[in-house]
Amino acid sequence: MKKLLLLSIILIVGCENSTEPEEGNNNHFTFPLVEGNYWIYEGSANGINQVGDTVFAAIFTDTIYVNGIYSDTNISDTLEIFEIEIRESADIIKNTANYTTGQGTYYEYVKNDGDGLYSYGYTNAGATSVMIARKNETIGTFYNNFFLSPYLQYNQINDNDILWDGPLHVIKYPLEMGSSWNYRQLNNPLRMDRIVVDDDFIIDNGNEIFSTYKIEMLYDMDNDMIWDNDASEFMTYHSEVGIVMQTAEWSNTLPDDEDITIMHKKYLVLKEYNISNP
């Protein structure tokens with residue numbers, strides 16, 4: 001029987017003098033999908049097992065690029081879907097659990113539509129195929145944490161053959177306090193919603209102060225129409241420059257012992273960016 005685990009986290013922030021925050025948020029936000037835009041994030045992740053031992057610790061740097069329009073007629077003949085490149089590197093401090101970090105280069109395929117940002121698919125780091133909802137079929141499995149779309153680890157619902165049912169509604173426009181929307185339908189494979197829980201969450205990365213929208217993921221792991229408070233946690237924090245911070249919490253069963261589970265938290269904070277708005 002799996003036990004509840006404790007977890008610690010180190011959050012990396014700069015030490016330079018902070019500037020004043022940007023002028024507040026407005027609900028005209030759209031994710032800045034312009035070829036050449038990039039964001040660099042720093043953060044860390046720790047994992048602790050049920051007896052309190054640290055079995056994983058790493059310092060992460062993720063760099064996100066907008067590569068431009070992705071052309072694949074298997075997805076759509078007409079949609080202008082952007083390819084987002086995510087380069088994840090990690091300085092592994094400890095990994096006695098032999099945990100696979102997923103570091104490498106992977107991609108997500110997204111589009112701004114009238115009512116929000118949609119994800120049409122992704123590749124895992126090292127994958128040879130694109131996990132995308134195509135015109136005539138749905139394929140793919142959940143595994144790694146892809147950057148724009150909330151984390152879902154397949155072993156949490158005991159099913160290795162989960163269909164990708166994209167496009168997924170990542171952000172609903174306009175961003176407003178209390179706004180909520182469906183992310184996954186009931187029984188497909190579980191119900192997930194997103195909700196804006198704060199419209200002026202202040203983040204100081206050491207160089208700049210951001211006023212952000214805080215978006216939380218809600219999980220109904222057993223499809224009983226009740227949100228599960230002890231499920232995975234995924235939060236994103238958005239300002240006009242894009243995602244300012246991302247936090248995720250999840251569990252993994254060790255590959256050599258199904259009775260041993262480690263809990264992880266990962267924080268990423270924006271440290272550098274260069275963007276143009278559409």
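A: A salt bridge here is a side-chain nitrogen of Lys or Arg within 4 Å of a carboxyl oxygen of Asp or Glu. By this rule the count comes to five salt bridges. The model is a predicted one, in which local features need pLDDT of at least 70 and side-chain atom pairs count only at pLDDT 80 or more, while totals for chains, interfaces and linings use all residues. Residues are numbered from 1 along each chain as its sequence is written, and side-chain values use heavy atoms, with hydrogens and water left out.

Q: Which residue meets R87 in a salt bridge?

A: The partner of R87 is E85, with N to O at 2.6 Å.

Q: Are R87 and E85 buried or exposed?

A: Buried means under 20% relative accessible area, exposed means over 50%, and partly exposed lies in between, with a 1.4 Å probe and protein chains only. R87 is partly exposed because its relative accessible area is 41%. E85 counts as buried because its relative accessibility is 10%.

Q: What does E88 pair with?

A: E88 forms a salt bridge with K266, at 2.5 Å from N to O. This pair links distant parts of the chain, since E88 belongs to strand β3 (residues 81–95) and K266 to strand β13 (residues 257–274), 178 residues apart. Strands (E, at least two residues) and helices (H or I, at least four) are DSSP runs, numbered from the N terminus. Both E88 and K266 are buried.

Q: Which residues are linked with E88 in a network?

A: The salt-bridge network links E88 with D62 and K266.

Q: And what lies under K266?

A: K266 lies over the face of F60, 4.0 Å from the ring centre. A charge sits over a ring if NZ of Lys or CZ of Arg is within 6 Å of the ring centre and within 35 degrees of the ring normal. Another such case is R191, whose charged end sits over the ring of W227 at 3.8 Å from its centre.

Q: What about K265; which residue is its salt-bridge partner?

A: K265 pairs with E249, and their closest N and O atoms are 3.8 Å apart. Distant parts of the chain are linked here too: K265 is in strand β13 and E249 in strand β12 (residues 242–254), 16 residues apart. K265 counts as partly exposed because its relative accessibility is 22%.

Q: Changing topic: how many helices and strands are there in the chain?

A: The chain has zero helices and 13 strands.

Q: How much of the chain is buried?

A: Of the 278 residues in the chain, 50% are buried. The accessible surface, from the Shrake-Rupley method with a 1.4 Å probe and, for residues, only the protein chains shown as cover, comes to about 12,900 Å². Carbon and sulfur atoms hold 46% of that surface.

Q: What share of the contacts comes from residues 24 or more positions apart?

A: Taking contact to mean heavy atoms within 4.5 Å, such residues account for 58% of the contacts in the chain with a separation of 6 or more.

Q: Why is strand β5 described as largely enclosed?

A: Eight of the eight residues of β5 (residues 116–123) are buried, so the strand is largely enclosed by the rest of the structure.

Q: Which strands are joined to β5?

A: Two strands pair if DSSP finds at least two bridges between them. Strand β4 (residues 104–113) runs antiparallel to β5, with seven bridges joining them. A hairpin of two residues connects β4 to β5, and D113 stands opposite G116 in β5. Strand β7 (residues 168–172) is also antiparallel to β5, through four bridges, with G116 opposite K172 in β7.

Q: Lastly, how many aromatic pairs are found in the whole structure?

A: The search finds six aromatic pairs. One of them is Y70 and Y109, a tilted pair at 4.2 Å centre to centre with 50° between the planes. The pair links distant parts of the chain, with Y70 in strand β2 (residues 54–70) and Y109 in strand β4, 39 residues apart. Rings of Phe, Tyr and Trp (its six-membered ring) pair if their centres lie within 6.5 Å; planes under 30 degrees apart count as stacked, over 60 as edge-to-face and the rest as tilted.

Q: Are Y70 and Y109 buried or exposed?

A: Y70 is buried, with a relative accessible area of 18%. Y109 also counts as buried, at 3% relative accessibility.
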